[in-house]
Amino acid sequence: MSQYVVAARKYRPESFETLIGQDNIARTLKNSILRGQLAHAYLFCGPRGVGKTSTARIFAKMINCSNPSAEMEPCGECESCVSFREGRSYCIHELDAASNNGVDAIKELMDQVQIPPQVGKYSVYIIDEVHMLSSAAFNAFLKTLEEPPAHAIFILATTEKHKILPTILSRCQTYDFNRISVSDIVRNLRDIAQKEAVNVDDASLHVIAQKADGAMRDALTIFDQTVAFCGSDIKYEDVIRNLNVLDCEYSFRLLDAFLKGDYAAAMLTFDEVLSKGFNAQFFISALSSHLRDLTVSKTAGLDSLLDMPDSLRQRYKAQADRCQIQFLYEALNITTQCEAGYRSAINQRLHIEFALMKLSFLNKGVPKADTAAPQTAPAPQVAPAPQAVPASESSPLPAAVQPEQSPASEKLQPRRRAVKTGASLSLSSIIKEKEEVEADPVIENSGKELDMETVRSCWKKLAEQLAVGKPRLFNALTNARLELKKEADCQCLTFLVTNEAQRDWIATTLLHELENRFRIISACSTVRLNVEAVQYEEKKVIYTPEDKARALMESTPEVLDLIKDFDLDVK
């Protein structure tokens, strides 16, 4: 059996041209070599598997290559390149800071730095996972890193830049490596599959690329695992089963069920996903991602935000055309809230099933409240019954609720238009809504005189009859101060309110009705009503002992004389 080499090592980049997804860094390094502007220390930082160590090796080979190409690529044939490829180079050194993180290892490195290279111009020291060095090792490394010998160049690589001491960062040129895009990973995997004579479709490659999460090394490792499972003929179904990836077919089925309002089908699909061993939180997260992709597909000009093959892109577009943007927005709101509350839910399965029911009711699943309530129901009371309040479409259990009807006050109550319950007397808008009042006939009476006790009793009855369901109007009438005066041919009853707005509103809309009602209740046809606004003086509230002493002296002269006689000090 021939020795097997994994794809991550077999197809590792050996030149700047084969470096994937880091074009800006490759261009910067090549220009610095071309111009002879090499720094003594570099820091390569970024996520795992994006080419930090590979770039460091290519850069080290390039600066020691005897016959570089016009594109500033290593030739691969000179003694420096050959010795490095065979692992016997004495000018390119690789160290692992995870296993050499103490002060002693740094001291050995400082002694080794003083030795000039035997082949090539520079001694390059590649220190991987440099953040694993201890604080003492970092401090011991500072002087050598700042002023190394002319032939020494340090290349530090790390995945956790925030753990590097600021004094180390200030001595290095820092290069931030980006995650590799899905399209670049798919393109590289397709080339490798052709070289390895492996038949694979684009959908499978996209699943592998998305599973790799921007790391080319992870993508190549997953590719090797998939080839070991499927052989030379890779199918999409085998890939998702081997990688334990939730098939997007479930999301398409769920959206079809939501659009039809079939919550039973949605819950059965969820049960099928759970029976295959998938995590429930991963399920709702995948559904949110599906809704996001539908929203992007429905919006023109956002096609670049979809990392998927063309065949799947067309399917998303077809389903997005059947959805309203408002539906997708509300559905995303439900799924994101479900994700946020999943961990704190006691019954997590019911938590997700309830979200699926709400999603099913967004479109057609629940009858509207305005269709459930009868439109021609007779009003049981004298006043017209309010119409049913339609429930919100996003509510899972809408119902039409009829408010209770207030009973008729008395037979003597005049007919008038319905006034909004609980209207405030202080709103200037109410002044514009004048009520149409049908005046009652004047009571024939001999013109008896009223006393204040009778006036107060009749006024209380008037407030109870007129202000049914209007607490603010009731308070304004019951708290009004009454004044009764006798004029030449009648008695004038004046009630005082607290502000001008109340006075204007009552004088414009209610005064005539109040007068007719009061005449009926009091059985006196010669009484006349008037309304005035009065500003009550605010009584000063006494808080401090000094205020209490002054108030006592003002109200009781004997206390003031006592203070003067004994020469007391009152602050």
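Trainee: Which side chain meets K161 in a salt bridge?

Mentor: This model is predicted. Side chains of opposite charge can pair when their charged atoms come close. For K161 the N to O distance is 3.7 Å, and a salt bridge requires such atoms within 4 Å. The partner of K161 is D176.

Trainee: How many residues apart are K161 and D176?

Mentor: K161 belongs to the loop between β4 (152-158) and α7 (166-169). D176 is found in strand β5 (residues 173-176).

Trainee: Is D176 buried, partly exposed or exposed?

Mentor: Buried means under 20% relative accessible area and exposed means over 50%. The relative accessible area of D176 is 43%. D176 therefore counts as partly exposed.

Trainee: Which helices are joined by the salt bridge between E249 and R315?

Mentor: The closest N and O atoms of E249 and R315 are 2.8 Å apart. The pair ties together parts that are 66 residues apart in sequence, because E249 and R315 lie in separate helices. These are α12 (residues 248-260) for E249 and α15 (residues 310-320) for R315.

Trainee: Where does R190, the salt-bridge partner of D202, lie?

Mentor: The side chains of D202 and R190 meet at 3.2 Å, N to O. D202 is in helix α9 (residues 202-212), twelve residues from R190. R190 itself lies in helix α8 (residues 182-195).

Trainee: How many salt bridges does a search of the whole structure find?

Mentor: Salt bridges also link E79, E86 and R88 in a network. For the whole structure, the search finds 22.

Methods. Residues are numbered from 1 along each chain as its sequence is written. This is a predicted model: local features need pLDDT of at least 70, side-chain atom pairs count only at pLDDT 80 or more; totals for chains, interfaces and linings use all residues. Side-chain values use heavy atoms; hydrogens and water are left out. Helices (H or I, at least four residues) and strands (E, at least two) are DSSP runs, numbered from the N terminus. Buried means under 20% relative accessible area, exposed over 50%, partly exposed in between (1.4 Å probe, protein chains only).
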